[in-house]
Amino acid sequence: MMHCMRLIQMSREIAEGKGIVVRRPNAKELISIRKGEVDLQTLIDKVEEEIVEIDKLFEQSSLPDSVDSSFINELIVKIRKNIYKLN
């Protein structure tokens with residue numbers, strides 16, 4: 001459930017145009033979920049509410065509905081060449 005909550009929160013941030021925030025500002029809260037310190041039904045209810053809100057945010061978002069696959073492929077090749085020093 002910790003990962004579910006983290007992904008839901010990250011989805012909201014993306015929909016709000018905040019990008020991908022890897023280091024979680026609420027890490028302690030997420031760890032308490034992992035430890036089982038938060039009631040499961042409370043988490044499920046929260047996630048269901050968030051999904052409804054996130055759907056609305058993405059409907060209003062200016063993000064494209066699809067990605068440019070050739071751009072992604074070129075980016076992957078460039079990153080791998082850089083990592084493996086193949087230039």
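This is a predicted model: local features need pLDDT of at least 70, side-chain atom pairs count only at pLDDT 80 or more; totals for chains, interfaces and linings use all residues.
The salt bridges were examined across the whole structure. The search returned 6 of them. Side chains of opposite charge can pair when their charged atoms come close. Several of the residues involved belong to a connected group. Arg12, Glu16, Lys18, Lys46 and Glu50 are linked in a network of salt bridges.

Arginine 12 takes part in two of the contacts described here. One joins arginine 12 to glutamate 16, with a separation of 3.0 Å from N to O. Both partners are partly exposed. Glutamate 16 has a relative accessibility of 34%, and arginine 12 has 22%. The other contact joins arginine 12 to glutamate 50, with the closest N and O atoms 2.8 Å apart. This pair spans two helices: arginine 12 sits in helix α1 (residues 2–15) and glutamate 50 in helix α3, so the bridge ties together parts that are 38 residues apart in sequence.

Glutamate 50 also pairs with lysine 46. The closest N and O atoms of that bridge are 3.4 Å apart. Here both residues belong to helix α3. They are 4 residues apart, about one turn of the helix. An α-helix has 3.6 residues a turn, so residues three or four places apart point the same way. Glutamate 50 is buried, because its relative accessible area of 12% falls under the 20% cut-off. Lysine 46 has a relative accessible area of 38% and is partly exposed.

Helix α3 covers residues 40–60. Besides glutamate 50, the helix holds isoleucine 44 and aspartate 45. Isoleucine 44 is partly exposed, at a relative accessible area of 28%. Its C-alpha lies 9.2 Å from the C-alpha of methionine 5. In sequence, isoleucine 44 and methionine 5 are 39 residues apart. A second pair gives another spacing. Glutamate 50 and lysine 81 are 31 residues apart along the chain. Their C-alpha atoms are separated by 39 Å.

Aspartate 45 contributes to a charged area of the surface. Asp39, Asp45, Glu48 and Glu49 gather there in a patch of negative charge. Aspartate 45 is partly exposed, with 34% relative accessibility.

Isoleucine 72 is partly exposed, at a relative accessible area of 34%.

Helix α2 (residues 27–34) was examined for its buried and exposed sides. Leu30, Ser32 and Ile33 are buried in this helix. Viewed down the axis of α2, the buried residues fall within an arc of 155 degrees, so they line one face of the helix. The face turned away from that buried side carries Lys28 and Arg34, which are exposed.

In summary, glutamate 50 bridges to arginine 12 and to lysine 46. Glutamate 50 is itself buried.

Key
Residues are numbered from 1 along each chain as its sequence is written. Side-chain values use heavy atoms; hydrogens and water are left out. Patches are made of residues with over 30% relative accessible area and no salt bridge: like charges are joined within 9 Å, nonpolar side chains (Val, Leu, Ile, Met, Phe, Trp, Tyr) within 5 Å. Accessible areas come from the Shrake-Rupley method with a 1.4 Å probe; for residues, only the protein chains shown count as cover. A salt bridge is a side-chain nitrogen of Lys or Arg within 4 Å of a carboxyl oxygen of Asp or Glu. Lys and Arg count as positive and Asp and Glu as negative; His and the chain ends are not counted. The place of a charge is taken as NZ of Lys, CZ of Arg, CG of Asp or CD of Glu. Buried means under 20% relative accessible area, exposed over 50%, partly exposed in between (1.4 Å probe, protein chains only). The arc is that of the directions from the helix axis to the C-beta atoms.
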